[in-house]
Amino acid sequence: MAAGVGKAVRAAGAARGATAAGSAGSAGSGARRAPGRRAAAMAVTALGGALALTTATIAPATAGTASDGYGRTGPGHHAPAVHYTALGDSYTSGPLIPTQVDANCARSDHNYPSLVAAADRIGDFTDASCSGATTNEMWQAQGTNAPQLDAVTRDATLVTLQIGGNDIGFGSIISTCAGLSVSDPAGNPCERYYTASGTDQLAANVARTAPKVAQVLRAIHTRAPHAEVVVVGYPDLLPDDGVGCFPAVPFAAGDFGYLRDTEKTLNAMLRTQARQAGARYVDTYRPTVGHDMCTAPGVRWIEPLVPAAPAAPAHPNALGEQAMATAALPVIAAPGREPSRGPGR
């Protein structure tokens, strides 16, 4: 899919209006009763445009994008001891979260790498993350964003990496499962679809992604042999107890647990690859339990498929990015430095 941020926002707005019209008088985000098929179908239709943020490069960058293709900050002639480079996909870049500083990559200056850099007073900071990135984009350009590994230089002392969600098909999984929910909202049509062959295709996608992540980690170590490398996992997207919230998140009731377990499988793979590569791992799942996309506005750190706060569908909002930064700071504290207390504290 190749829609830009504007299309995603318009689609989300249209779906919000349709949901309000179709479910007036219904309970809030904690409601569990399922409405008719029409409301679910409307949400799925709106989702098609909105999910473009997770699967394609965003609209061309506007004037003012850093000339080297990255969000590089800090005066070079006063470089501090820490040289930090952030790599990753849209969960790292923070699409639609104010303030957007790179339209090509939907990159926010309040994503978790920026918050980490500010909290630890890191002046030499390069954010190469880009919405829609897969492991392939570590080696190849993505619109105006240079290959992300090009930002990893020999003098780097800290590199964070959050990748793999798009490799397993994050956007298409959400679209497929939302579409199938209409046929059997009380069942598990998505799980049946992905296991129809006798093999769990999503688990197989995770397994196929593992060597790709391993290759990226080897490349980082080669380019920056003295850097501390930190792999960042994905936050809790769906209720950890497996109880759904149809139609706010239009998945069938029996598929919430399946999709939750798929994310846990992905995070377990990332933890294993980090350990095998001699890198550290940041668990962002456990600290975000209870703040998934089924919880109420103000409580949730992950927006649902029709966001209420500035964020991409099924992505962290500003609170979610801050939560990931808070989880990362103690893990990435450099030797000889006290761990930071976290952004905003």
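These legends go with several close-up views of a predicted protein model.

In this predicted model, local features need pLDDT of at least 70 and side-chain atom pairs count only at pLDDT 80 or more, while totals for chains, interfaces and linings use all residues. Residues are numbered from 1 along each chain as its sequence is written, and side-chain values use heavy atoms, with hydrogens and water left out.

**View 1. The whole protein, before we zoom in.** Ten helices and eight strands make up the secondary structure; helices (H or I, at least four residues) and strands (E, at least two) are DSSP runs, numbered from the N terminus. Of the 345 residues, 54% count as buried, where buried means under 20% relative accessible area, exposed over 50%, and partly exposed in between (1.4 Å probe, protein chains only). Contact means heavy atoms within 4.5 Å; among contacts between residues at least 6 apart in sequence, 73% join residues at least 24 apart.

**View 2. A look inside the cavity.** The structure holds one cavity of 30 Å³ or more, and about 280 Å³ of space lies in the largest cavity. Its lining has 20 residues, and those closest to the centre are Phe170, Ile174, Leu237, Leu259 and Glu263. Here a cavity is a set of points, on a 1 Å grid over the protein atoms alone, where a 1.4 Å probe fits but cannot get out; lining residues have an atom within 4 Å of a point. Grid points are joined across faces, edges and corners, and a volume is the space filled by probe spheres set on the points. The lining divides into 14 nonpolar, four polar and two charged residues; Ala, Val, Leu, Ile, Met, Phe, Trp, Tyr, Cys and Pro count as nonpolar, Asp, Glu, Lys and Arg as charged, and the others, Gly among them, as polar.

**View 3. Helix 9, from the cavity lining to its end.** Helix 4 (90–93), helix 6 (170–181) and helix 9 (255–276) each supply at least two lining residues, and helix 9 gives the largest share, four residues. The 22 residues of helix 9 should span 32 Å at 1.5 Å a residue, which agrees with the 32 Å between its end C-alpha atoms; the expected span is 1.5 Å times one less than the number of residues. Just after helix 9, glycine 278 takes a positive phi of about 75°.

**View 4. Histidine 221 and its surroundings.** Histidine 221 sits in helix 8 (residues 201–223) and counts as partly exposed because its relative accessibility is 24%. Beyond its neighbours within four places in sequence, histidine 221 is in contact with Val229 and Ala277. Valine 152 is 69 residues from histidine 221 in sequence, and their C-alpha atoms are 9.4 Å apart.

View 5. Most residues other than glycine have a negative phi, and most peptide bonds are trans. Leucine 96, in the loop between helix 4 and strand 3, has a positive phi near 75° and counts as buried at 19% relative accessibility. Threonine 99 is found in the loop between helix 4 and strand 3 (100–102), and the peptide bond from proline 98 to threonine 99 is cis, with omega near -5°.

**View 6. Arginine 121 in its loop.** Arginine 121 lies between helix 5 (112–119) and strand 5 (124–127). Its phi is positive, near 55°, and at 74% relative accessibility arginine 121 counts as exposed.

Notes
1 Å grid on protein atoms, 1.4 Å probe; cavity = no way out; pocket = protein on both sides within 12 Å on 5 of 7 lines; lining within 4 Å.
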